[in-house]
Amino acid sequence: MKCLIVQPIHEVGHAMLRDAGIEPVMCPSPDMQTVARMIPGCDAVITRDAGFSAEACAASDKLRAIVVHGAGHDAVDKEAATAHGILVCNTPGQNARSVSELAVGLILAAMRHIPEANRSERAGEKGFRERETYTELTGKTVLIVGWGSIGRGLGHMLKAAFNADVLVYSPRAPEVDGFERVDSLEDGLKRADVISLHTPMRPETRHMIRRETLNITKTGAILINTARAGLINEEDLAEAILSGQVAAAALDVYSHDAPTGPLAETGHVIFTPHLGGATTEAMKRVAVGAVGHLLKALSGERPETALNDPGREIQ
């Protein structure tokens, strides 16, 4: 049997595949044309944010399982996979601590203008310290949007380390660990010094941060997004930063052109290249989890993280 690896995973995952008698096949490029060319002959595939397209599904001849290395599965065409009898599952939670820690780092970097300060010093500029305003995180009100494993981890970190007043907006969460739940996104935005997004992409969450919601956000708030790019209308966010409604933003996910577009021109946005789950520790955990789900699927069992019903038993 063969497993196509669309994007690199930790070597521990390769070792697990080989030990199970499955040959890991590295895809030379994560674009879907290359994936479609490489997929014939493969029984399974592990993909990351490159996803898996309908065209790739159609090109497969014996594919039985698509495993997402991580939580986000928007880029996998699950309808096409289901139509072709291919099971899809993801690997949530294994990189949660790493993403939560990055969110803390982004909050501090934005509040203290750390990247801009570094650039200013390297350029030999004078007066940066006096030109900007800096804010402590301790005791501030933080709105966490989405109370999954990442949002929950961040909330506990901020409370323990910074005595933050944590608000939670997450309509689907059955409980919020004793933190204050707000009834609406708007209620939380009006109170929060920091807003951190950790919610999945759904029709109702697309552009949840837009002109209408930004206009009621507490003046001078900091916005963090380590979840999904589509949660934010980037043009509206750029306007809010330029007007001073939002002091700064730090984004680990964003549209392809954002680092060279209006958001970048504001001078108060930090961009990181989807670093959330990229720590060595997280990569090991996710690789082990992803291969574990793959082996279960290929053995005829249904992984607990299955996202679709292929309509037939996996043989």
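Me: What does Tyr 254 count as, going by its relative accessibility?

Reply: Tyr 254 counts as partly exposed, because its relative accessibility is 22%. Buried means under 20% relative accessible area, exposed means over 50%, and partly exposed is in between, using a 1.4 Å probe and protein chains only. Before we go on: this is a predicted model, where local features need pLDDT of at least 70, side-chain atom pairs count only at pLDDT 80 or more, and totals for chains, interfaces and linings use all residues. Residues are numbered from 1 along each chain as its sequence is written, and side-chain values use heavy atoms, leaving out hydrogens and water.

Me: Good to know. How many aromatic pairs does the structure hold?

Reply: There are 2 aromatic pairs. One of them joins Trp 147 and Phe 179, edge-to-face, with 5.5 Å centre to centre and 70 degrees between the planes. To pair, rings of Phe, Tyr and Trp (its six-membered ring) need centres within 6.5 Å; planes under 30 degrees apart are stacked, over 60 edge-to-face, and the rest tilted.

Me: Where do Trp 147 and Phe 179 sit?

Reply: Trp 147 is in the loop between strand 6 (141–145) and helix 8 (149–162), while Phe 179 is in the loop between strand 7 (165–169) and strand 8 (180–181). The pair links distant parts of the chain, 32 residues apart. Helices (H or I, at least four residues) and strands (E, at least two) are DSSP runs, numbered from the N terminus. Both Trp 147 and Phe 179 are buried.

Me: And what about Tyr 254, which residue does it pair with?

Reply: Tyr 254 pairs with Phe 271, again edge-to-face, at 5.1 Å centre to centre and 80 degrees between the planes. Tyr 254 is in the loop between strand 11 (246–251) and helix 12 (262–265) and Phe 271 is in strand 12 (residues 269–271), so the pair ties together parts 17 residues apart in sequence. Phe 271 has 22% relative accessibility, so it counts as partly exposed.

Me: Switching to helices. How do helix 5 and helix 8 pack?

Reply: Helix 5 (residues 96–111) and helix 8 pack at an angle of about 50 degrees, with their axes 8 Å apart. Axes are lines fitted to C-alpha atoms, for helices over the stretch in contact, and angles run from 0 to 180 degrees between N-to-C directions. That makes helix 5 oblique to helix 8. Angles under 35 degrees count as roughly parallel, over 145 as roughly antiparallel, 65 to 115 as roughly perpendicular, and the rest as oblique.

Me: What classes do the residues of that contact divide into?

Reply: The contact of helix 5 with helix 8 has 11 nonpolar, 3 polar and 2 charged residues. Ala, Val, Leu, Ile, Met, Phe, Trp, Tyr, Cys and Pro count as nonpolar, Asp, Glu, Lys and Arg as charged, and the others, Gly among them, as polar.

Me: Now helix 1 and helix 13, at what angle do they cross?

Reply: The axes of helix 1 (residues 11–19) and helix 13 (residues 280–298) cross at roughly 25 degrees and come within 8 Å. That makes helix 1 roughly parallel to helix 13.

Me: Which residues does Val 288 touch?

Reply: Val 288 touches Val 12 and Met 16, not counting residues up to four places away in sequence. Contact means heavy atoms within 4.5 Å. With 37% relative accessibility, Val 288 counts as partly exposed. Val 288 and Leu 17 are 271 residues apart in sequence and 9.8 Å apart in space, C-alpha to C-alpha.

Me: Last topic: Thr 133, buried or exposed?

Reply: Thr 133 is exposed, because its relative accessible area is 62%. Thr 133 lies in the loop between helix 7 (128–131) and strand 6. Not counting residues up to four places away in sequence, Thr 133 touches Met 111 and His 113.

Me: And Thr 199, buried or exposed?

Reply: Thr 199 counts as buried, because its relative accessibility is 10%. Its place is in the loop between strand 9 (194–197) and helix 10 (211–214).
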